[in-house]
Amino acid sequence: MAERITGHTELIGLMAYPIRHSSSPAMQNEAFAKLGYDYAYLAFEVDNDSLEDAITGLRALKMRGSNVSMPNKTVVHKYLDELSPAAKLCGAVNTIVNDNGHLTGHITDGIGYMQSLKDNNIDVIGKKMTIAGAGGAATAIEIQAALDGVKEMSIFNIKDKFWANAEETVKKIRENTDCIVNLYDLDDKEKLKEEIADSYLFAQATGVGMKPLEGQSVIPDISFFRPDLIVTDTVYAPRETALLKQAKEAGCKTMNGLGMMLFQGSAAFELWTGEPMPIEYMKEILDIKYE
Ligand code: NAD
């Protein structure tokens, strides 16, 4: 008889819509199985309309916790008892931990990004970074980078519906950290070039580079880059975006979004189990290789 699921197995969920395409269930269950931990991780199609009932269910079923993705990340806090400092500052939650009925919301995307840098021997603490983006992924990275001690950050975004969010993020970083932060229009390419020129790292955290914007880059040409600049992209499908191709051509060290994906999952795993994922094993499974 199958031994993996028993009467003691604890349930962890993923609440989002759409969600059937997600690689998180395979990743989390692989890690539980590898370490022999008695948990099962399942994806549930939950949107804003069914979210409150789903959280009531999580409490009633005494689930250990859940991941939360779009469209629930920015609304689920209403149904929780406590938020981590980063989740409070980001205004978003991607991980819920249930401690005997007390639900705490965390955001692990930014932790995941910072951890993936560290794992790749990239040390941005005390240095300047330039980042493109003002959506969910970018905000989490910007807040965590500032909390972790990045000295200076130049944020660029186009003047779309995310611009106000970028202004809000700058305000929060200024009020809560010592990071020197400024916001610029991503269409101002002269300014972008200037800010990248004295940055240690350039981070791409917009949707540009993946479908439907695959093949496009926020950088006009490789004269924006120099060989000792580090260039990262949150996008991992495709694994090598047009931006990373440009960066490689300019001789930069590059990193795609797979590491961030792994480490945000590992940070959630650790919040539920007390231990990180078996990282080297997971890197093999996910075929993560640094260049
Ligand atoms: P979002 O919808 O919250 O934000 C979208 C961002 O893209 C905004 O900053 C917006 O202004 C910008 N944008 C959209 N169209 C643009 C254009 N034509 N030109 C310039 N900027 C444009 O999305 P998100 O959740 O923040 O995701 C952003 C990217 O990060 C996606 O590619 C996503 O796949 C990736 N991501 C990766 C991870 C990971 O673990 N590696 C996690 C979350 C998101």
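**Backbone, loops and ligand**

A: Asp 287 is found in the segment after α10 (279-286), where helices (H or I, at least four residues) and strands (E, at least two) are DSSP runs numbered from the N terminus. The model is predicted, with local features needing pLDDT of at least 70, side-chain atom pairs counting only at pLDDT 80 or more, and totals for chains, interfaces and linings using all residues. Residues are numbered from 1 along each chain as its sequence is written, and side-chain values use heavy atoms, with hydrogens and water left out.

Asp 287 is not a glycine, yet its phi is positive, near 55°. With a relative accessible area of 40%, Asp 287 is partly exposed, given that buried means under 20%, exposed over 50% and partly exposed in between (1.4 Å probe, protein chains only). Lys 62 is another non-glycine residue with a positive phi, of about 50°, and lies in the loop between α2 (48-60) and β3 (65-68). Lys 62 counts as exposed, at 68% relative accessibility.

The bond from Tyr 17 to Pro 18 is cis, with omega near -5°, and Pro 18 belongs to the loop between β1 (10-16) and α1 (24-35). The bond from Ala 237 to Pro 238 is also cis, with omega near 5°, and Pro 238 sits in the loop between β11 and α8. As background, most residues other than glycine have a negative phi, and most peptide bonds are trans.

Although 16 residues separate Arg 239 from Met 255 along the chain, their C-alpha atoms are 9.2 Å apart. Asp 233, for its part, is joined to Gln 204 by a side-chain polar contact of 3.1 Å, a polar contact being a pair of N or O atoms within 3.5 Å in which, within protein, one must be able to donate a hydrogen and the other to accept it, while residues adjacent in sequence count only if both atoms are side-chain atoms. Gln 204 is part of strand β10 (residues 201-204) and is buried at 2% relative accessibility.

Charged pairs come next. A salt bridge (a side-chain nitrogen of Lys or Arg within 4 Å of a carboxyl oxygen of Asp or Glu) is found 16 times by this rule. Glu 240 pairs with Lys 248, with the closest N and O atoms 2.3 Å apart; Glu 240 is partly exposed at 29%, and Lys 248 is partly exposed at 34%. Salt bridges that share partners also join Lys 128, Glu 152, Lys 191, Glu 194, Glu 195 and Asp 198 into one network. Arg 226 and Asp 228 meet at 2.6 Å, N to O, in a salt bridge, with Arg 226 partly exposed at 25% and Asp 228 exposed at 55%.

Of the 22 residues around the ligand, Ala 134, Ala 137, Asn 157, Asp 160 and Gly 257 come nearest, where a residue is near if one of its heavy atoms lies within 4 Å. Oxygen atoms of the ligand lie 2.8 Å from a backbone N or O atom of Ala 137, 2.9 Å from a polar backbone atom of Gly 136 and 3.2 Å from a polar backbone atom of Gly 207. The protein covers 74% of the 850 Å² of accessible area that the ligand has on its own, by the Shrake-Rupley method with a 1.4 Å probe; for residues, only the protein chains shown count as cover. The elements giving two or more residues to the shell are α5 (136-148) and α9 (258-273).
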